[in-house]
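Let's take a walk through this structure together, chain by chain and contact by contact. Please have the sequence and the view open as you read.

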Amino acid sequence: MTSHEGHHEDHADVPVAVRARRLEERLIAAGQATDAELDAYLSQLYANASPVNGARMAARAWTDPAYRELLLADGNAAAAELGFTGLSYQLRVVANGADRHNVIVCTLCSCYPVSLLGPSPGWYKSFAYRSRTVREPRAVLAEFGLVLPAETEVTVWDSTSEARYMVLPARPAGTSGLSGDELAALVSRNGLIGTALV
Amino acid sequence: MGGQTGFGPVPVGEDGEPAFAADWEARVYALAAVLRQRGLFNSDELRDAIERLPPGQYLGASYYERWLGAIETLADEKGLA
Amino acid sequence: MTYQPGAVVRVRNTDPDHHTRMPRYVRGHTGEVVAVLGSWVLPDDNARGMARARVETCYAVRFSAADLWGSGTHMVTVDLWESYLDQP
C-alpha cells in the first residue's frame with residue numbers, strides 16, 4: 001500500500017482513529033509530547049474532574065449562607081475553600097431561585113468548567129445547543145424535560161471569555177433533614193449547567 | 001453560531017454516557033492540552049484553527065474530529081512535526 | 001477599567017476577518033454591564049500569535065431577547081472584551 005505521509009492525506013479515506021494516532025506518533029517522534037504525558041493528563045482528568053465537585057459546592061451553599069455569599073461573589077475562593085485550588089479560569093456562579101432560572105452555553109466553541117463538572121456532555125458541544133440556547137432557551141430546556149413556568153425569568157450565560165459559569169440550583173423542597181453528602185447527591189451535572197432544576 | 005437556525009433538536013442523550021465516545025477522542029483532547037501546556041500553541045490559536053477548517057469539514061466533522069483537524073493544521077503551520 | 005456595573009454599552013458593529021470572541025449575534029446591540037470580570041489577553045491578538053497582545057478587562061453584558069431576536073422574554077449575558085464595546 002502506498003501512503004502519502006504528512007499534510008495532504010485524503011482524510012475521507014482514513015478512519016479518524018488512524019488519523020489521530022498518526023498525528024500523535026508524528027508529534028511524539030518530533031519530541032513535542034510523550035505517551036507518558038498524555039497518559040498522565042488523562043489519568044488526572046478521570047481522577048479529579050467530576051460533577052461531584054460542583055455538587056459539593058452547591059450543597060454547601062444550601063446549608064451555609066456565608067459560603068453561598070462567597071460562592072456568588074468569588075467562585076474561585078469558594079472552590080478553593082473546598083479544596084479545588086488552581087482553577088485555570090475565573091469561576092462565576094449564578095443562582096437559580098423560585099422565580100429565576102439560569103442556563104449556561106458557549107456559542108463560540110464549548111467552554112465549560114471541566115475541573116468542577118467533568119468533561120462536557122456531547123449535547124453541550126452540539127451545534128443545536130450552541131445555536132439555539134441563546135435564542136429559544138425554553139424550547140431547548142423543554143427538550144430536556146424541563147418546562148418552566150411563564151413567570152420564571154430566564155437568563156442565558158454565554159461563556160465567551162476566560163470566565164466559566166456554573167449554576168447554583170435552588171434547593172429542592174423537603175430536604176431539610178438531609179446531610180451534606182445526601183444533599184450533594186441530589187445535584188446533577190445538568191442541574192449545574194441549567195438544563196435540569198437540580 | 002449563537003442564534004443560527006436550522007440545527008434541529010438537541011441530542012439530549014442519556015445521562016452517564018462516557019466523556020469520550022472513543023479512545024481516540026480522549027487522546028486528541030489530551031494532545032491539545034499537553035501541546036498547550038508546553039506552549040506550542042495557545043487556546044485562541046486552537047480555536048482559530050478550528051474556525052479556519054473548510055466549511056464542509058467544519059460542519060461534517062464530529063467535535064473531536066474538528067480538534068484533530070485543527071491540531072494537524074497547527075502542527076503543519078508551526079512545523080511541529 | 002472603563003465601565004462599571006449598570007453602565008449601558010453598545011457592541012461595536014465590526015466583522016473582522018480574523019479570530020474574535022465577539023459573537024455575531026450581539027454586534028451593534030446595546031446592553032447593560034452586570035459584572036466586571038478579569039483582564040485577559042485579547043483573543044484577536046492571541047490567535048495571531050502577536051508578541052505584544054493586548055490585555056483588556058472583560059465585562060459581562062446583559063441583553064434582552066426582545067432586542068436581540070425581536071421576540072422572547074429571556075435575557076442573554078455575554079462576556080466581552082473592552083475593545084469590543086463602545087459607549088452608545
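This is a predicted model: local features need pLDDT of at least 70, side-chain atom pairs count only at pLDDT 80 or more; totals for chains, interfaces and linings use all residues.

## Starting from one residue

Two residues are in contact here if their C-beta atoms, placed from the backbone, lie within 7 Å. Setting aside residues up to four places away in sequence, C:Leu80 touches C:Val11, C:Met22, C:Cys58, C:Tyr59, C:Val61 and C:Leu85, along with A:Thr160 from chain A.

C:Leu80 also belongs to the largest nonpolar core, a set of 65 residues, where A:Ala58, A:Met166, C:Val61 and C:Leu80 have the most contacts inside it. Helix 3 of chain A, residues 51–63, is the element that gives the most to this core, with 6 residues. As a general background, nonpolar side chains tend to be buried together in soluble globular proteins.

## Where chain C meets chain A

On this interface, 15 residues of chain C are in contact with 16 residues of chain A. Two strands of chain C, strand 2 (30–41) and strand 4 (75–81), each supply at least two residues to the chain C side. The most comes from strand 4 of chain C, with 6 residues. By residue class, the chain C side divides into 10 nonpolar, 3 polar and 2 charged.

Which strand of chain A pairs with strand 4 of chain C? The partner is strand 3 of chain A (residues 153–158), and the two run in the parallel sense over 4 bridges. One place to look is A:Asp158, whose bridge partner in strand 4 of chain C is C:Val78.

## The strands and overall layout of chain A

Strand 3 of chain A also pairs within its own chain: 6 bridges join it to strand 2 of chain A, and these two run parallel. Here A:Val103 has A:Val156 of strand 3 as its bridge partner. Strand 2 of chain A (residues 100–105) is largely enclosed by the rest of the structure, because 5 of its 6 residues are buried.

Stepping back, chain A has 10 helices and 4 strands, following the pattern α-α-α-α-α-β-β-α-α-α-β-β-α-α along the sequence. Its C-alpha trace spans about 65 × 35 × 25 Å along the principal axes. Chain A has 198 residues, of which 42% count as buried. Among its contacts between residues at least 6 apart in sequence, 67% join residues at least 24 apart. Chain A is divided into domain 1 (12–47) and domain 2 (49–193), and 31 Å separate the centres of these two domains, taken over C-alpha atoms.

## Where chain A meets chain B

Turning to chain B, 38 residues of chain A are in contact with 35 residues of chain B. On the chain A side, the elements giving two or more residues are helix 1 (16–29), helix 2 (35–48), helix 7 (127–132) and helix 8 (137–143). Helix 1 of chain A gives the largest share, 9 residues. This side of chain A divides into 20 nonpolar, 7 polar and 11 charged residues.

How confident is the predictor in chain B, and which of its elements has the lowest mean pLDDT? The mean pLDDT of chain B is 93, with 98% of its residues at 70 or more.

A:Pro51 sits in helix 3 of chain A. Is A:Pro51 buried or exposed? A:Pro51 counts as buried because it has 21 C-beta neighbours inside 10 Å, where the cut-off is 20 or more. Beyond its neighbours within four places in sequence, A:Pro51 is in contact with A:Leu117, A:Gly118, A:Arg189 and A:Leu192. A:Pro51 and A:Val187 are 136 residues apart in sequence, with 8.6 Å between their C-alpha atoms.

C:Asp45, in helix 1 (residues 43–46) of chain C, is partly exposed, with 19 other C-beta atoms within 10 Å. Not counting residues up to four places away in sequence, C:Asp45 touches C:Met50, C:Ala53 and C:Arg54. C:Asp45 and C:Arg62 are 17 residues apart in sequence and 25 Å apart in space, C-alpha to C-alpha.

Definitions and conventions
Residues are numbered from 1 along each chain as its sequence is written. Chains are lettered from A and ligands numbered from 1 in the order in which they are written. Ala, Val, Leu, Ile, Met, Phe, Trp, Tyr, Cys and Pro count as nonpolar, Asp, Glu, Lys and Arg as charged, and the others, Gly among them, as polar. Two strands pair if DSSP finds at least two bridges between them. A nonpolar core is a set of buried Ala, Val, Leu, Ile, Met, Phe, Trp, Tyr and Cys residues joined through C-beta atoms within 7 Å. A residue is buried if 20 or more other C-beta atoms lie within 10 Å of its own, exposed if 12 or fewer, and partly exposed in between; C-beta atoms are placed from the backbone. pLDDT is the predictor's confidence in each residue, from 0 to 100. Domain bounds come from an automatic or database domain assignment.
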